[in-house]
Amino acid sequence: MTQLTRRSLLGSTTVGAAATGLSTGLIGTPAQAAPFRTARRRDRVERLLARMTLAEKIGQLRLANTAEDTEAALRTTGCGGVFSVVGAAQLNALQQQALQTRLAIPLIVGLDVIHGYTTNFPIPLGQAASWDPEVAASDARTSAAEARRSGITWTYAPMMDVSHEPRWGRIAEGNGEDPYLTTRFAVAKTKAYQGADLARPDTLAACAKHYVGYGQPEGGRDYNTVDVSIQRLHNTYLPPFRACVEAGIATVMASFNTISGVPAHANAYTIREVLKQRYGFDGFVVSDYTGIQELIPHGIAGNGTDAAREGIRAGVDMEMTSTNYVEHARDLLRTGAISQREIDDAVRRILTVKDDLGLFDNPFVDPAGETVSVSAQARAAARTAAARSLVLLRNENGVLPLSKGRTVAVVGPLGTATYDLNGTWSGLGTGASTTEPTTVLDAIKAISGGSVTYTPGCAVDDTDTSGIDAAVAAARAADVCVLVLGETAAMSGEAAARSDIGLPGVQQQLADRVGAAQPHTVAVLLNGRPLTLTQLAAAVPAILEAFAPGLEGGNAIADALFGITNPGGKLPVSFPRSVGQVPIYYNHENTGRPYDPDNKYTSKYLDLPDGPLYEFGFGLSYTSFEVSGVRFSSDTLPRRHGRVTVAATVRNTGARAGDEVVQLYLHDPVASIVQPVRRLRGFERVTLAPGEQRTVRFTLTREDVGFYDDQARFIVEPGQVEVYVGTSSDQATKAGVLTVR
Ligand code: NOJ
């Protein structure tokens, strides 16, 4: 891109790079200064920078990942930080060594605190199913306090990769398929990790990852190529990053993928031009694990020197694990391939975050205060989060909730799961591995009030069907059967792509046989991605989707099964009928031949009905709701400072208390680039007693109705925009038309 665009809510102003004077992306005039940054602290960084030798500067660009490497680096190349080392005593010892270097520069200490440090919350995909950003915030507050007390200062979260790829295992770590939902969750999490002051003992520097486009690898295979249009990049993948920069996020991590031929780690457009210049990001960019080294197998660097040059030029400030920067930066400077200004800029960014964290004042933690167990408060927060993350996908004939006092056959390989309840990226903090979740079986036993049997029936992922007969007999002998099925924790997350996203192994056979034998069968699913559930839905009358619900997941599931709570989550991602539909997402663009059941020559499959099995925003409840009376404060969105409020009344029309998520979608029927058929721009989850009603209000601004065009310009086009309000992406009905001036 040779053009830069100054983002404007009132349209777009396109200016040449030269005219802006922003051609380098070096910090100095950030668009947004983080609230905790003070002039005094900036002075300290400048004074320090002025005293540093080149070797000391280059040393700050290194991020080691073992205690031994860190110790060795502090003695030789220098070291800016360490990650994946836990334990207050060990981290204090490393900080002590860092303070003994000439300028006594402390280490930044990173860890993948993704959905918990000691206390595991639901995986991020599950959290997004709550449609309640406070769930993510409560995870972040709890995790930050636990981790910081234990010597960690920096988390590699939130991941904000929008993804239309259920085959990709890392969909578990994000917030699903929608940029708006993802943005709301990512911002809530960022603010909660970082608090008002990073120097406080209960905060962590957050890291927006993976920058950018990682969620759309071809074929769903992790680390694979991403080819993305400019408009998709800016409308779909970048919005959460931009919003987190505006929220003051301290760091950003580059992604493993290429973006239209240019690896993210060598991508000056995305990092220098968009992130640092256009968004005004003034924290630092860290590579992903060996991401700089991987520029060699990507084939855009012939050796480590090239790789370091490309990374530094692109604006990746710190190199994780591999050591090309510390090995080659001096030579690159000598030959003029990189500039002193680029090095100084990277070091300044890193030192500023360390300073914001208060590390120059005190990098140590009190080992007596280290988090080694789960507090009652953390456990309660994890239980609330798990309860709010459950999605009821099917409930024929009121099978759920179950009555107490009846005999229950718990069947299925995950009935006694512990680690698999926690999901991917769990158990990394001190004390986490010694705190096991209550199993679904034990949680049911604790509240069912009747006899409970357990028969696994089969393993999660093998071909042995010999246990199925016993499971069928157990299900038949009981009043009801709870089938606990799904994926192990290791089947999603990093490097965990699946080509088939059905139930693994012979679990479907188990469900078919048990469902046929026991009409009162309820399937509970533990999984890290959308699964194809067409056959399961035909086999059983009820399905409760739990994703990987974390430490308190077993208890939360049992509470929901017995009606102690009422599931109110909604899907943050489409569940396809068949893997052949992938990518399938609600906010797909218009085609010239939209689906028409009566016309063969429209966009469709011959062998499948239209659309997913369960759509984005879908989820049932034990009660029922009605959304009505949608009204607009004005039917016109004016040109200057425009905003329109859309209000709707939601009423609980059933006999139980429950939650509904009211959702607002837009559609721009005529625009200069093809628009999504629906675009989420507002949601609110409400809890209502039977008969109770509430008014929910959404504010629409020009930012909501605008979009990025194929030149990455944010534009608001005068015309009509349709507004839809309802309870899922399919069930939202047209509430009116807004005229945009
Ligand atoms: C690789 C992963 O892609 C990234 O998400 C993680 O933060 C780093 N490894 C560090 O563990």
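**Entry 1**

I placed H210 in strand β7 (residues 207–211); helices (H or I, at least four residues) and strands (E, at least two) are DSSP runs, numbered from the N terminus. The model is predicted, so I note that local features need pLDDT of at least 70 and side-chain atom pairs count only at pLDDT 80 or more, while totals for chains, interfaces and linings use all residues. Residues are numbered from 1 along each chain as its sequence is written, and side-chain values use heavy atoms, with hydrogens and water left out.

P583 sits in the loop between α22 and β19.

**Entry 2: positive phi**

I recalled that most residues other than glycine have a negative phi, and most peptide bonds are trans. T290, which is not a glycine, has a positive phi near 55 degrees; I located T290 in the loop between β11 (284–286) and α12 (295–298). W425, not a glycine either, has a positive phi of about 55 degrees, and W425 belongs to the loop between α17 (419–422) and α18 (440–448).

**Entry 3: helix pairs**

I described each pair by axis angle and axis distance, as is done for two packed helices. Axes are lines fitted to C-alpha atoms, for helices over the stretch in contact, and angles run from 0 to 180 degrees between N-to-C directions.

For helix α7 (residues 133–148) and helix α16 (residues 376–389), I noted axes that come within 10 Å and cross at roughly 155 degrees. The two helices are therefore roughly antiparallel to each other (angles under 35 degrees count as roughly parallel, over 145 as roughly antiparallel, 65 to 115 as roughly perpendicular and the rest as oblique). In the contact (heavy atoms within 4.5 Å), V135, T142 and E146 of α7 meet A378, A381, A385, R388 and S389 of α16.

For helix α9 (residues 230–237) and helix α11 (residues 268–278), the axes come within 14 Å and cross at roughly 50 degrees. That makes α9 oblique to α11. I listed I230, L233 and H234 on the α9 side, and Y269, T270, V274 and R278 on the α11 side.

**Entry 4: sheets**

I traced an open sheet of six strands in the order β13-β18-β17-β16-β14-β15, with mixed pairing; two strands pair if DSSP finds at least two bridges between them. At the edges stand β13 (391–395) and β15 (452–455), each with a single partner strand, so one side of each is left without a neighbour in the sheet. The twist averages 20 degrees from one strand to the next. Strand β17 (residues 521–526) and strand β18 (residues 542–545) run parallel and are joined by four bridges; L525 has E545 of β18 as its bridge partner. Helix α22 (residues 553–561) packs on this sheet and touches β16 (480–486), β17 and β18, its direction making about 150 degrees with that of β17.

I then traced an open, antiparallel sheet of three strands in the order β19-β21-β24. Its edge strands are β19 (625–632) and β24 (693–701), each pairing on one side only. The twist here averages 25 degrees from one strand to the next. Six bridges join β19 to strand β21 (residues 643–652), and N652 in β21 is the bridge partner of F625.
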